[in-house]
Amino acid sequence: MSENSSRKRKHASKKKESLEVLCRLTPYSGVDPAVRFYNETTVCTSPPAGLLQRSGSPYPETLYKFGYVFDESESQQDVFERSASDMIEQLVRGKNGLLFTYGVTGSGKTYTMSGNDSGRAYGILPRTMDVLFKSLPCQLDRCVFVPDGKNGFFVRSPSDAEVFRNRSMPIQGMHDVSICGTRKVDGFNEAMVSSVFVSYVEIYNNYCYDLFDEALTDDRTNMSRDLRVNGTSIYVDNLTEVEVASPEEALALYNQAQERRKVADTLLNKTSSRSHSVFNVRVVMAPCRQDAYHPIDDPNQIVVGQLSLVDLAGSERTKRTANCGERLIEAGKINQSLMVLRQCFEKIRERDRTHVKAPIPYRDSKITHLFKNFFDGSGKIRMIICVNPRPTDFEENLNVLNFGELSQEISTTDGPDPVMPKLVDSTNSQFSRRDIMNWRKNFDAAIAQHPQKLNLNRWNPLPQLNWSDPEAIGEDMEEYRKALMTHTAERRIRLDQLVQKRTVFKENFVNVLCQLDLTNNRLKSVVSENEELRSENGRLHKMLNQSQRETAALKLRIARSEAEEEHKFRQDERERKKVAQMEEENRLKNHKIEQMREIFESRTPVSTPRADHLESGTGSVARLRDKFNAPPSHALKSGKPPRMTPRQPRAESASRVQKTGRTRKGSEDLDEEPSGGAGFMNAKYHRRSQSAHGRILAHQPNHVIPSGTVMRPKLPKGAKTTTRPEASDLNKSREYILTHQEVDKNGALSTKIVKGDCIPTASGGTAVLFNDVENHSHAMPYRAYD
């Protein structure tokens, strides 16, 4: 804002309002976006799977509320109408505004601000210039307003302005700008005349550069510009301000300056902005003179409105971009300036909350120092945060969303309204003063080229009377009478013609007025229908956006369902492969078990340490088992089948036989015993105190009941007694003895000693092969021999 315009501001109470923050989501084609559209004012974060906070806990889903949220379906025109249209209306009224984009690199900030060179893809800046020139009906010719070098303007005289116009060079590189959907805004005072000036500033590594300076190159040594203070305004010293008369001229200058801006290729963005850019649009206005289409030469009546469009560089993480050298320095300066911006906002928020004035670090960064007057209340501020929903930007987007949500707690003011003169031509208020004066000028020029004079006294003059000659006076009177009668007749004819022409003119004039009135009524009807169609178009556009949102949501659900089905299919495939693998493993294990069973059941001697310790050098377990299963020799001689086998022992009979010690192998009288069966004895455990080989693991119950029998079990020396054997104990042992005690229904105590060999398995464990049972029991005499 210039010093001239600041003098005309009213020192009235300023209305405060919260800083408005808008959010725009970048289109994302993935299945699981990290930030989702919730409604028109809210977004929802969806943390990527497996991402944890520093504390180790997962990120929660969070809702962030803003002034408005643009989803993927909303166009550049929608973003412009919601974010910049009202700020242009304030600009033509002579007020200030600041609109800037904020976000991580690659989130669409530059696209939102400038867009592409196509009708529908134009961004905020081209649309702003198009709407602005449509909304300024009273534009001056060039070179009337002149910058004074101190952020102000003065007025040239008409003759000097004409001289400078003839010397000025046209702007090169212009092309037609056709933007659909733009309209003009109201608010311009038609008693004023105006001109538009633009400038372009780049803040690179915390230095200001003039992008309209044609001498600016990559080597920017000693080419930076300083910031100056003029009253309450802060401006860039010696900044080039160019007067433009159309949006084509403004965009041509902008495109030329974009080639001088610092842009680089990084891992996250092919065209990453390495600097902050500020495009300033200033509308200079002054009251128009009554006698000419020229502003009043009074600096105190000049009003300047400014709109600053700021494209902030995106924040970056070095570990993701892998920047080094110059790129690393640029990233450090960008992050530092954004950090200062956040600190300033936090200080302002704290000041508004506590009402305690504290120093705010505006001067720590050029971007905050340049817009200090906006933060102090000289214009409207609006921020657009751009968010890319890709999961890799989730943590950076959290910082952006938190900053945007907290920024809404800052109170700003639009600044006082400038003093404007009243309209002079109130009867012709529907037409601009410039159009009326141009029409009159053209009309006077046309009349001057084709003059038409109306002479109502074009008849012959009356004859002169000679009063000195009495004789000729009669003749002169007769001629005079005839001439007067002729004049009277001609006058009557001309009056009749005039009446007739007046009637025709009246009818024609009435017809013209009728056509004008009917045209005016039709125009009003068309305007009304246009407003209705605009309203209907807006309603249909909202419905279209809603349908597009629903379609996008359905597509996302379908994509998720397809992804889930694919995941389930792959999981089932893995399960089938796992089952097949387990079946193959079981088949191999069964094969090994069969091989081991064949080994154990084989009748060929097996030379193993374990087999060598078997009793009497028996070759294998199978041969030992065959020995136990073989019937006694007397049974083979008599041809009678044995009454008892080791696989079907009779505990009491075997115990009695072993206790009495009457068993005589090969005796012919054993088949005549009343018990009806032949006893057997495992030679391996005969006289155990003398047949122990290796370590023996004795598994005893927790509480042993004394049996009181005459013959008691005696464990060999070196046996390990335990009540809870471990796998390691079995691995270290060769023999296993289990002691089991039970009481029958008659109260008789029975002690069973189960014996077996510890055999190593193919998997590294130990298996026990039980091969003998000793039974020590008590019984009543009348029941023992029933």
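Okay, let's start with P713, which is partly exposed, with a relative accessible area of 46%. On the cut-offs: buried is under 20% relative accessible area, exposed is over 50%, and partly exposed is in between, using a 1.4 Å probe and protein chains only.

Before going on, a word on what we're looking at. This is a predicted model, where local features need pLDDT of at least 70 and side-chain atom pairs count only at pLDDT 80 or more, while totals for chains, interfaces and linings use all residues. Residues are numbered from 1 along each chain as its sequence is written, and side-chain values use heavy atoms, with hydrogens and water left out.

Back to P713. It sits in the loop between β21 (696-699) and β22 (720-722). Helices and strands here are DSSP runs, H or I of at least four residues for helices and E of at least two for strands, numbered from the N terminus. So what does P713 touch, not counting residues up to four places away in sequence? I753 and H776, where contact means heavy atoms within 4.5 Å. There's also T739, 26 residues from P713 in sequence, with 9.7 Å between the two C-alpha atoms.

Zooming out for a moment. The protein chain has 20 helices and 25 strands. Of its 786 residues, 38% are buried. And if you take contacts between residues at least 6 apart in sequence, 70% of them join residues at least 24 apart.

UniProt, in an unreviewed entry, lists G103, V104, T105, G106, S107, G108, K109 and T110 under "binding site". The UniProt positions are in the numbering used here, feature names are shortened, and annotations may be inferred rather than shown by experiment. I picked two of those residues to look at.

V104 is in the loop between β7 (97-103) and α4 (109-113), and S107 is found in the loop between β7 and α4 as well. Buried or exposed, then, for V104? V104 counts as buried because its relative accessibility is 2%. S107 is also at 2% relative accessibility, so S107 counts as buried. With residues up to four places away left out, V104 touches K109, G314, S315, C386, D393, E396, N397 and V400.

Next, helices. α7 runs over residues 247-258, and its 12 residues at 1.5 Å a residue should span 16 Å, which agrees with the 16 Å between its end C-alpha atoms. The expected span is 1.5 Å times one less than the number of residues. α7 is mostly covered, with nine of its 12 residues buried; those are P247, E248, E249, A250, L251, A252, L253, Y254 and A257. The cover over them includes α5 (124-134), β10 (192-204), β14 (242-244) and β17 (276-287).

α5 also packs against α2 (residues 76-83), at an angle of about 65° with the axes 10 Å apart. For the geometry, axes are lines fitted to C-alpha atoms, for helices over the stretch in contact, and angles run from 0 to 180 degrees between N-to-C directions. Who makes the contact? Q76, Q77, V79, F80 and S83 from α2, and I124, R127, T128 and V131 from α5. α2 is itself mostly covered, with six of its eight residues buried: Q76, Q77, D78, V79, F80 and S83.

Most residues other than glycine have a negative phi. C143 isn't a glycine, yet has a positive phi of about 65°. C143 is in the loop between α5 and β8 (145-147) and is buried, with a relative accessible area of 13%. N238 is another one, with phi near 55°. N238 lies in the loop between β13 (233-236) and β14, and at 55% relative accessibility N238 counts as exposed.

That's my tour, thanks.
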